[in-house]
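Q: I have a structure open and would like to talk it through. Could we go over it step by step?

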Amino acid sequence: MSKDMGDAAPAGSDRARALQLVHGMLRIRRFEEKCAELYGALKIRGFLHLYVGEEAIAVGLMRVLTPEDAVVATYREHGHALARGIPMTAIMAEMYGKASGCSHGRGGSMHLFDATARFYGGNAIVAGGLPLATGLALADMLQQRARVTACVFGEGAVAEGEFHESMNLAALWKLPVLFLCENNLYAMGTALERSEAQTELHQKAAGYGMPGSVVDGMDVLAVEDAARRAVTAIRSGSGPQLLEVRTYRFRAHSMFDPERYRDKAEVEAWKKKGGPLTRFIARAKHERWLDEPDIEGLERTVAEEIQAAIDFAEASEWEPVAELTRDVYTPWEPA
Amino acid sequence: MGARCRADARCVYALGTGVNDSAIQTTYREALRSALREAMRADPRVFLMGEDVGRYGGSYAVSLGLLEEFGPERIRDTPLSESAFTGAGIGAALGGMRPIVEIMTVNFSLLALDQILNNAATIRHMSGGQFSVPLVIRMATGAGRQLAAQHSHSLENWYAHIPGLRVVAPATLADARGMLPTALACPDPVVMFEHATLYNLEGALPADSGAVDIERAAIRRSGKDVTLVTYGGSLPKTLAAADALAADGIDCEVIDLRSLRPIDDATIIASVARTRRIVVVDEGWRSGSLAGEIVTRVVEQAFYDLDAAPARVCSEEVPIPYAKHLEEAALPQPAKIVAAVHAVMNRG
């Protein structure tokens with residue numbers, strides 16, 4: 001959050017909140033657009049999965065977590081990392097594969113990590129993060145810490161055994177974990193109705209005796225409210241919850257995806273309906289929380305931050321090849 | 001590890017005698033249980049989690065009685081969800097605990113292989129060194145109990161292949177007793193293979209037996225004519241073969257690898273430099289085996305010390321069968337080891 005945000009409105013006001021929400025979503029949107037551009041310029045390589053259209057989820061969720069809480073995310077996690085407060089410079093440098101990246105160039109786009117932010121990756125095995133999140137929550141319970149672990153995954157993960165095993169284990173042991181399913185309707189190219197017998201995903205929670213709810217992921221205020229309700233209950237010790245957030249991926253699955261599996265008309269229809277940014281900006285203007293100069297100001301702030309991140313990444317050093325095998329093991333001298 | 005653990009061991013590891021330097025009669029299973037008990041007493045972050053570790057007492061009775069002492073929070077029965085509870089062990093390790101995950105057999109561990117390889121082994125490197133995973137995974141391995149093709153395999157080499165893991169195979173009472181505290185002190189994931197035929201192994205163990213290293217091989221029998229390298233459940237068979245060969249006038253040196261990753265090249269190479277011949281005994285299948293890895297290292301590092309081509313005694317390339325005579329035929333046996341040694345002695 002840059003300084004001019006705070007100056008613009010009294011803390012806690014509708015206007016202050018609107019500025020924060022637009023700023024948060026705009027940072028992600030413009031960052032992702034820039035990443036696509038940098039991919040074309042061969043600055044970023046490997047797999048690149050963009051979060052365009054889904055920004056409201058990361059922004060809404062992170063607002064209700066405390067710094068002590070933990071986050072486990074997927075390979076489409078730039079938005080979560082940014083919203084969680086990992087510096088954009090370190091994220092961009094990681095995209096470049098530089099030593100100053102948040103995973104020292106070992107992870108790339110799919111494996112952003114940050115110990116300070118308690119951000120446990122960027123997991124690129126679909127559903128692979130759920131058991132991990134369950135264990136982080138177990139550690140908190142065993143150490144009697146009132147923390148929550150937020151585990152974000154796509155709807156494709158619901159078909160994996162690890163989803164069911166983790167939901168059961170977390171519910172059985174009443175662990176403080178929020179299972180947040182970002183349902184963007186496509187597991188890579190496989191539409192939800194082609195992969196799930198029960199497409200009302202939040203209803204799966206009932207099978208584990210766990211509260212499940214669903215919210216419109218294009219409405220950032222609704223996401224924040226739903227996440228707050230769930231996290232508050234979880235923090236009070238009532239056990240895990242499943243929150244299904246309905247969204248849409250405006251971009252291709254990755255930079256290699258020719259999008260043969262969905263009609264252009266469908267994508268256009270979603271765009272016409274408006275993503276979370278368009279919708280919230282319209283609402284904020286209608287409510288007179290914000291006006292056009294506010295948006296223009298935020299655009300400038302975000303553009304400056306992105307340029308600074310690119311400059312940082314460009315100027316950063318490559319990890320020396322001599323360091324290749326560092327961190328396979330932890331330095332340890334058994335006494 | 002050293003002084004602290006040794007002192008702790010003296011405090012709690014007293015099965016009756018209470019005298020530090022006296023030997024006590026025990027079993028491999030009891031030695032493992034003592035190690036678990038001591039670790040749980042010494043560090044509140046340590047807990048045991050797995051299928052039937054609590055009320056049932058452990059499928060091989062290793063944790064029998066621990067539920068009564070430590071309660072269900074720390075002797076934690078899990079659903080039959082290998083991937084979730086192994087992954088939960090990884091997460092709990094990241095969250096500051098020192099979990100011990102027990103998987104019933106190596107065959108079942110394949111259901112958790114995603115978590116072990118894609119998370120436990122990679123997170124430290126993938127995060128640029130920000131997160132370590134101090135997790136111990138114990139599991140039974142190996143054949144010899146007529147449990148057929150889904151409970152009898154030796155897949156240690158699959159795990160020993162993976163950078164980021166440490167892999168150990170206690171084959172003696174002292175190692176059953178002493179590897180766990182060192183594995184728990186290690187900041188990285190350690191996979192511990194307990195051969196199912198060793199649990200009833202009986203013998204004497206010094207009452208102050210404590211933590212041991214998890215990196216070096218051990219010479220279990222000194223000899224000058226041929227080096228036999230083995231580990232885990234094949235150690236007793238190899239020692240039996242060495243006894244038989246001694247009657248034939250062949251003096252075998254027997255090396256117990258103990259650690260399958262890292263492999264202690266130095267001990268093996270130094271032995272081969274003395275004996276100039278090597279036979280590797282490994283219950284894994286021959287193709288792509290740990291035995292193949294050992295032989296390769298010897299050839300790479302000590303080619304000109306060899307007087308004969310190396311030999312391997314491995315399992316036959318077949319899913320382990322049920323019928324006793326077939327199972328025995330599928331596995332390394334003392335007679336096969338004896339024959340392989342004779343062949344190597346007659347070469348070159």
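A: Let us begin with a term: a residue is buried if 20 or more other C-beta atoms lie within 10 Å of its own. Please also keep in mind that this is a predicted model.

Q: What share of chain A is buried, then?
A: Of the 335 residues in chain A, buried residues make up 53%.

Q: And what percentage counts as buried in chain B?
A: In chain B, 57% of the 348 residues count as buried.

Q: How many helices and strands does chain A have?
A: Chain A has 11 helices and 8 strands. Its C-alpha atoms fill a box of roughly 55 × 50 × 45 Å along the principal axes.

Q: What radius of gyration does chain A have, and what would a compact globule have?
A: A compact globule with 335 residues would have a radius of gyration near 20 Å, and chain A agrees with this, having 20 Å. As for its contacts with a separation of 6 or more, 73% are between residues 24 or more positions apart.

Q: Now chain B. What is its secondary structure?
A: Chain B comes to 14 helices and 14 strands. Its radius of gyration is 20 Å, close to the 20 Å from the globule rule for 348 residues, so chain B is as compact as a globular protein of that length. The C-alpha trace of chain B spans about 60 × 45 × 45 Å along its principal axes.

Q: Which residues of chain B have pLDDT under 50?
A: Residues 1-19 of chain B stay under 50 in pLDDT, and the model has 35 contacts beyond four places in sequence for them. Chain B as a whole averages a pLDDT of 93, with 94% of the residues scoring at least 70. The model scores ipTM 0.94 and pTM 0.93.

Q: Which residues have the most contacts inside the largest nonpolar core?
A: They are Val22(A), Cys151(A), Leu178(A), Val279(B) and Val341(B), in a core of 208 residues. Beyond four places in sequence, Val341(B) touches Val226(B), Ala241(B), Leu245(B), Ile250(B), Cys252(B) and Val279(B). In soluble globular proteins, nonpolar side chains tend to be buried together.

Q: A change of topic: is helix α2 of chain B enclosed or open?
A: Helix α2(B) is largely enclosed by the rest of the structure, because 12 of its 15 residues are buried. Among them are Tyr28(B), Arg33(B), Leu36(B) and Met40(B).

Q: What span should that helix have?
A: At 1.5 Å a residue, the 15 residues of α2 (residues 28-42) of chain B should span 21 Å, and the end C-alpha atoms agree, being 21 Å apart.

Q: Last one: where is Ala313(A)?
A: Ala313(A) is in helix α11 (residues 292-315) of chain A. Ala313(A) is buried, because 24 other C-beta atoms lie within 10 Å and the cut-off is 20 or more.

Q: What does Ala313(A) touch?
A: Leaving out residues up to four places away in sequence, Ala313(A) touches Met92(A), Ala93(A), Met95(A), Tyr96(A) and Lys98(A).

Key: Residues numbered from 1 in each chain as written. Chains lettered and ligands numbered in written order. Predicted model: local features only at pLDDT ≥ 70, side-chain atom pairs only at ≥ 80, totals over all residues. Helix = DSSP H or I, 4+ residues; strand = E, 2+ residues; numbered from the N terminus. Expected span 1.5 Å × (residues − 1). Core = buried A, V, L, I, M, F, W, Y, C linked by C-beta atoms within 7 Å. Contact = placed C-beta atoms within 7 Å. Rg over C-alpha atoms; globule rule 2.2 N^0.38 Å. pLDDT = per-residue confidence, 0-100.
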